[in-house]
Amino acid sequence: MTPKQQFRYILGLFAVFIIVIPLIIFYSFGYRISDNFKVVKTGGIFVSNVEGGASVLLNGKFKKSAGMIDRNMLVQNVKPGNYTVNVEKEGYRPWVKYIKVQEQLVEVCFPLLVPSELKSEEITKYIPIDKSDLKRKGGKRPKPELNDEYTDVIELFKEAKKPAKSIFPTWNSKEIATLRLGPMRKLKGKIFLSNENNKMYVKWIGKKDQLPFFINTMSKKLIYAPEKTIKAFDFYPKREDAFVVQFDDGSLFGVEIDTRFGYQNSYRIVKYCSRFIVNYEMLFYFVGDKLYSIDFES
Amino acid sequence: MIMLPFYKEDEKLIEKTLKSLLNCDYNSKRLIIVLAAEARAGKEPLEIAARMNKKFGKEFGHFLVTVHPDGIVGEMAGKGSNISYAAEEARKLVLDKKKIPYDDVLVSAFDIDTIVYSQYFACLTWMFLANENPYNTSFQPVPVFNNNIFEAPAISRVVAFSGTFWQMVQQERQKRMATFSSHSVAFSTLYKVGYWQSNMVSEDSRIFWNCYMKFNGNYIVTPMAYPVSMDANLAHSFWQTMKNIYKQQRRWAYGVENFAYIMFNFSKNQNIPKWEKFKIFIINVDGYWSLATNPLMIFLLGWLPIILGGREFNTTMVSFNLPYITRDIMMITMSNLILSSMVAVSLMPSVPETKKRVKKFYHIIQWLLVPLTITIFGAIPALDAQTRLMFGRYMGFWVTPKHRSE
């Protein structure tokens with residue numbers, strides 16, 4: 001290649017750079033060309049999602065599906081205004097939010113997708129005896145063997161009654177101590193939930209610049225005031241932006257923390273239980289003396 | 001004249017290099033071999049040199065073994081001081097003795113692991129004869145680090161091929177070139193500038209700048225577009241290989257020491273046009289700066305604004321678009337890796353019988369390591385070298401250990 005040719009290529013690529021870079025910058029700032037060829041400022045909606053195959057709809061119109069790897073969805077080119085956002089997935093209960101999109105800003109949604117039918121499995125106290133095994137032993141009934149899973153869950157229930165304690169002291173141990181954690185005051189990460197006079201409050205105890213969008217204030221915020229009496233609550237399995245609440249009638253509900261734009265999604269998870277506990281992705285609950293589990297990851 | 005400096009390298013490695021010279025399609029009787037040993041390396045290298053002389057001495061036109069004395073005041077122990085001493089010895093003991101004109105001798109300064117392909121000297125001779133200013137140019141082949149490519153770990157292979165690709169790119173940008181590693185130059189030119197500087201780490205590129213200043217800017221590198229094979233970094237253990245790669249990259253990046261030399265000489269030399277000085281200044285600033293910073297910037301700029309931007313920034317469209325735009329740009333640029341892998345595979349020697357398990361597939365997917373290698377074995381050693389220079393913690397010449405599996 002001659003130096004002249006090289007120079008031409010460089011000049012050409014430089015011209016492409018000069019043209020493309022401002023376009024990318026304008027695009028990323030939300031500027032778009034409208035139907036009548038005017039430059040308009042748009043906003044966007046970001047759906048923080050963990051479910052593969054979920055779709056987002058704006059005002060009933062399909063906009064995007066969650067990818068295989070990146071399941072979050074960024075909907076762009078949204079004109080400023082009020083929108084109904086639906087997030088749907090087959091086999092899951094519909095999630096809806098009414099939001100206001102502002103120019104050059106992005107509203108973030110945290111859809112709580114709950115399966116339409118939650119599969120609960122009983123955890124028996126004793127390991128069931130195999131009938132063929134019974135035949136081999138000449139019909140003699142062996143001594144019932146304790147189910148390890150059952151005893152482990154019972155231990156979890158016992159542990160839950162005690163105030164939460166960290167094995168190692170943390171930088172904010174003192175701050176956590178002032179929260180007086182207990183059955184009606186729970187902490188997950190830096191999100192503190194409390195039940196005071198049958199009203200649920202949330203407080204962010206982290207840094208201001210890390211404040212989650214679904215809390216949106218550094219002050220203590222009222223997020224739930226049901227008519228029924230709250231008997232117990234805990235964070236939703238594997239989530240920080242939702243909680244599970246048990247009412248005095250024994251029903252369990254999953255409720256999102258996000259109350260922005262005056263709408264809060266909540267779903268009944270269990271019709272009746274006497275007590276429950278959340279452990280990572282598992283929810284365990286008693287109906288009478290029978291123990292059941294729901295795996296929120298399956 | 002072929003300069004083969006060595007330190008404590010294995011006898012087999014030296015033998016293989018000499019055999020490759022013999023196997024060239026060029027009259028070996030017209031080659032002067034200068035096997036340049038180091039006194040500081042002890043007795044064994046001298047014994048090896050003697051054995052090589054005995055074995056190959058009569059096959060070449062001349063075979064000279066030189067021993068660079070240790071502890072010469074003002075010198076830095078390394079390749080530069082060794083080959084400078086060896087070149088002067090060769091001048092006295094071969095050229096002057098045999099009355100060979102300096103203008104008729106082309107010197108190829110190789111590393112001890114440099115394996116030439118059969119047409120190298122034919123190509124070099126043709127290029128020299130066809131050149132309009134053959135005494136005002138250095139001849140630069142493309143170093144392909146593939147001698148031991150099947151033994152070297154993936155990271156070493158990627159770093160090695162990246163170096164090769166860079167040199168291939170440079171071959172197309174003649175005005176930006178300086179000599180690197182193995183190169184060839186007329187003896188008379190070398191003699192005029194006093195050979196390679198003996199107190200430098202990066203003598204290979206410095207010799208170009210020495211010539212450039214000596215000839216008032218009327219000096220250029222001629223790209224040969226012809227390869228020479230060298231060793232990729234390989235040590236006895238994986239971690240030692242990693243350390244060696246880092247040290248080698250740091251040594252290469254220490255070429256930034258040339259910048260002060262260039263600028264100082266520009267200030268003294270009024271015969272070089274100002275526009276030429278300005279271009280070289282820009283090329284060097286851009287080169288050294290981008291080597292040390294670009295990989296880190298590419299790595300950090302995508303998400304740093306989001307971390308540091310604060311809550312207000314994090315609600316903006318640009319904040320949400322940034323990761324996607326960065327990802328897309330990276331995807332476009334990374335697509336070049338497909339091309340890289342194809343070129344790399346084409347440059348590989350045929351798979352040896354003992355390495356049948358090594359599939360070319362691995363030599364393709366290894367390119368996914370590039371983001372890691374350009375940062376850890378590109379930017380960081382460059383920053384290390386430049387920071388050392390800035391604080392006056394001058395580096396010595398670190399000899400890259402040559403190791404090949406049996």
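Let me begin with a definition: two strands pair if DSSP finds at least two bridges between them. Helices (H or I, at least four residues) and strands (E, at least two) are themselves DSSP runs, numbered from the N terminus.

Hello everyone, and welcome to this structure. It is a predicted model, where local features need pLDDT of at least 70, side-chain atom pairs count only at pLDDT 80 or more, and totals for chains, interfaces and linings use all residues. Residues are numbered from 1 along each chain as its sequence is written, while chains are lettered from A and ligands numbered from 1 in the order in which they are written.

Let's start with pairing in chain A. Strand β19(A) is joined to strand β20 (residues 282–287) of chain A by five bridges, and the two run antiparallel. One of the bridges takes A:Phe276 to A:Tyr285 in β20(A). These strands belong to an open sheet of four, in the order β10-β21-β20-β19 with antiparallel pairing. At its edges stand β10 (120–123) and β19 (275–279) of chain A; each has a single partner strand, so one side of each is left without a neighbour in the sheet. From one strand to the next, the twist averages 25°.

Across β10, β19, β20 and β21 (290–295) of chain A lies helix α3 (residues 148–161), running at about 100° to β19(A). For such angles, axes are lines fitted to C-alpha atoms, for helices over the stretch in contact, and angles run from 0 to 180 degrees between N-to-C directions. Contact here says that the C-beta atoms of two residues, placed from the backbone, lie within 7 Å.

Chain A has another open sheet of four strands, ordered β5-β4-β7-β8, again with antiparallel pairing. Its edge strands are β5 (61–65) and β8 (95–101), each pairing on one side only. Seven bridges join strand β7 (residues 81–88) to β8(A), and A:Val85 has A:Lys97 in β8(A) as its bridge partner.

Is A:Val16 buried or exposed? With 10 C-beta neighbours inside 10 Å, A:Val16 counts as exposed. The cut-offs are 20 or more other C-beta atoms within 10 Å for buried, 12 or fewer for exposed, and partly exposed in between, with C-beta atoms placed from the backbone.

Now, where do the chains meet? In total, 15 residues of chain A are in contact with 12 residues of chain B. On the chain A side, α1 (3–28) and β3 (43–47) are the elements that give two or more residues, and the largest share, three residues, comes from β3(A).

On to chain B, which has 16 helices and eight strands. Its C-alpha atoms fill a box of roughly 80 × 60 × 40 Å, taken along the principal axes. Of its 406 residues, 38% count as buried.

I'll finish with two helices of chain B. The axes of α7 (residues 203–214) and α9 (residues 257–268) come within 11 Å and cross at roughly 5°. The two helices are therefore roughly parallel to each other; angles under 35 degrees count as roughly parallel, over 145 as roughly antiparallel, 65 to 115 as roughly perpendicular and the rest as oblique. Where they touch, B:Ser205, B:Arg206, B:Trp209 and B:Met213 in α7(B) meet B:Asn258, B:Tyr261, B:Ile262 and B:Asn265 in α9(B).
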